[in-house]
Amino acid sequence: MNTVKASIFRCNCVTVSCVIFSLHYLVRSYSFIKMVTLAPPLAVRGMKKLDRDRFAQTIDIPCLRVKSSSVGTLTGLLKRYLLKMRSFKAIRPVCSENGVVEDIREVVLDPRIITSFGDFTVQDRELLGQMGIDESSFKQGQLDLTYDNWAADDVLAAVLPEGVETAAGYSLIGHIVHVNLREHLHEYKHVIGEVLLDKIKQARTVVNKVDTIDSTFRVFNMEVLAGEPDFVTEVKENSLRFKFDFSAVYWNSRLGTEHERIVKKLSSGDVLYDVFAGVGPFSIPAAKKKCFVLANDLNPESYKWLQKNAKLNKVEEFITAFNKDGADFIKEEVKNHILEHRGEQRSHIVMNLPAIAVSFLPAFKYLFSMDQLKQIRMLPLIHVYCFVKGEGNSKEMATSLVEDQLNCSISEAVSEVFFVRNVAPNKDMMRVSFHLTESMVLGGKRPLELETGVKEKEVKKTK
């Protein structure tokens, strides 16, 4: 019995010793890692005027000293252990008092991963040993860090008060960096602007939106936080070039995928009616596919840049541009073009003004008379965008918005109800794609089948 108790006591002692050793190792490792967190110095916290010199600091770092001839082979082996920072090369020459030691290189390791030679995996230690690299090759060196070594996110996280949401989110429009700063960040806005200007390679101008988008021309007032007050920029989207004055027109780089998604639904020879065309993100690529495009925008600046972009991309022969109110464009240009061509071509109508686009849908009510409908083979497929708020079913809410404006059900005419993106908490951008039907253009009060025998399914033969 005493033997059993003694054995249990010895096991418990061993267990306690192991736990104590493990805790000691963890504490030692944590202390070292904490000491070299690789974050900018605490002295920059709360800075409201950017002082780049205050970011300088010297830290201790682990490294391996190896023969220069071994560097090529070692790079692959040590890739996951190397220290990776901006404006920094992890393999550097070794300098002595007399100058550079030509045949030796220092491989700088990440102190958050490696604190001793034993931190390499057993397999990697064996491979290093085969190359003549062992614990004697492991050294502690020093590294001088400066403002240039940190990315924008790291700098802003260090400067702004702890717990404050950073300004890491931005849009890059050509050379313009666009941020939308919340009120609690306004006192740091110029520091934020300078940091983004420094850290984003192609940036020359940083602007902040200072009010909501104007629903008429879809533009917002902006202030320059850093750089040049140069708002004429050029971007590439889906292999096409778009040039415009960002201060005078609407452009959203986050919609590139949606632009491409719609254009893929089009085929050469189709017709696109772009009611709120902007500078042409739907119209230009559609014209590039040799679709016939009627593009409209109420904003004179958008109208001007739309025409310039058509020439820039050499598609002006496929685009006819208009500078009208959206409802007038539908009632006049869209109506006349459909009647002129008798709906022989497949056609699409894009209505990308999500804040108010659905309010233009009544323009389709009574668009054609019964006699005019008899002459039309196919009616267009409409793609209307909208915002829906709340925690309900976004697709049902978007469909309901369309039905309320048309005063009829669209359940049998819907092609797709698509979630485009989340704009804000509990606010989604949606697209409702549906076939324009006889019932809709007759005010929702007439039967879906005409007296001539033209069936609804024939009218809806479009993508």
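## Confidence along the chain

Over residues 1-35, pLDDT stays under 50, and the model has 8 contacts there beyond four places in sequence. This is a predicted model. Residues 446-463 also keep a pLDDT under 50. For that stretch the model has 45 contacts beyond four places in sequence.

The chain as a whole averages a pLDDT of 86. Of its residues, 85% score at least 70.

## Helix α4 and its buried face

Helix α4 spans residues 152-159. Which of its residues are buried? They are Ala152, Val155, Leu156, Ala158 and Val159. Viewed down the axis of α4, these buried residues fall within an arc of 160°, so they line one face of the helix.

What covers the buried residues of α4? The cover includes α5, residues 189-199.

## Aromatic pairs across the chain

The structure holds 10 aromatic pairs. One of them joins Tyr81 and Phe120. Their ring centres are 4.8 Å apart and their planes stand at 80°, so the pair is edge-to-face; the cut-off for that class is over 60 degrees. Tyr81 sits in the loop between α2 (71-77) and β2 (91-96). Phe120 sits in the loop between β3 (99-108) and α3 (122-130). The pair therefore ties together parts that are 39 residues apart in sequence. Tyr81 is buried, and Phe120 is buried too.

A second example is Phe282 with Tyr385. Here the ring centres lie 6.2 Å apart and the planes meet at 35°, so the pair is tilted. This pair links distant parts of the chain, 103 residues apart. Phe282 belongs to the loop between β11 (271-274) and α7 (283-288). Tyr385 belongs to strand β15, residues 381-389. Both Phe282 and Tyr385 are buried.

## An aromatic cluster and lysines over rings

Which residues form one aromatic cluster with Phe55? Tyr147 and Trp150 do. Tyr147 also has a lysine over its face: Lys199, at 4.1 Å from the ring centre.

Another lysine, Lys427, places its charged end over the ring of Phe387. The distance to the centre of that ring is 4.5 Å.

Note on methods:
Residues are numbered from 1 along each chain as its sequence is written. This is a predicted model: local features need pLDDT of at least 70, side-chain atom pairs count only at pLDDT 80 or more; totals for chains, interfaces and linings use all residues. Side-chain values use heavy atoms; hydrogens and water are left out. pLDDT is the predictor's confidence in each residue, from 0 to 100. Contact means heavy atoms within 4.5 Å. Buried means under 20% relative accessible area, exposed over 50%, partly exposed in between (1.4 Å probe, protein chains only). Helices (H or I, at least four residues) and strands (E, at least two) are DSSP runs, numbered from the N terminus. The arc is that of the directions from the helix axis to the C-beta atoms. Rings of Phe, Tyr and Trp (its six-membered ring) pair if their centres lie within 6.5 Å; planes under 30 degrees apart count as stacked, over 60 as edge-to-face and the rest as tilted. A charge sits over a ring if NZ of Lys or CZ of Arg is within 6 Å of the ring centre and within 35 degrees of the ring normal.
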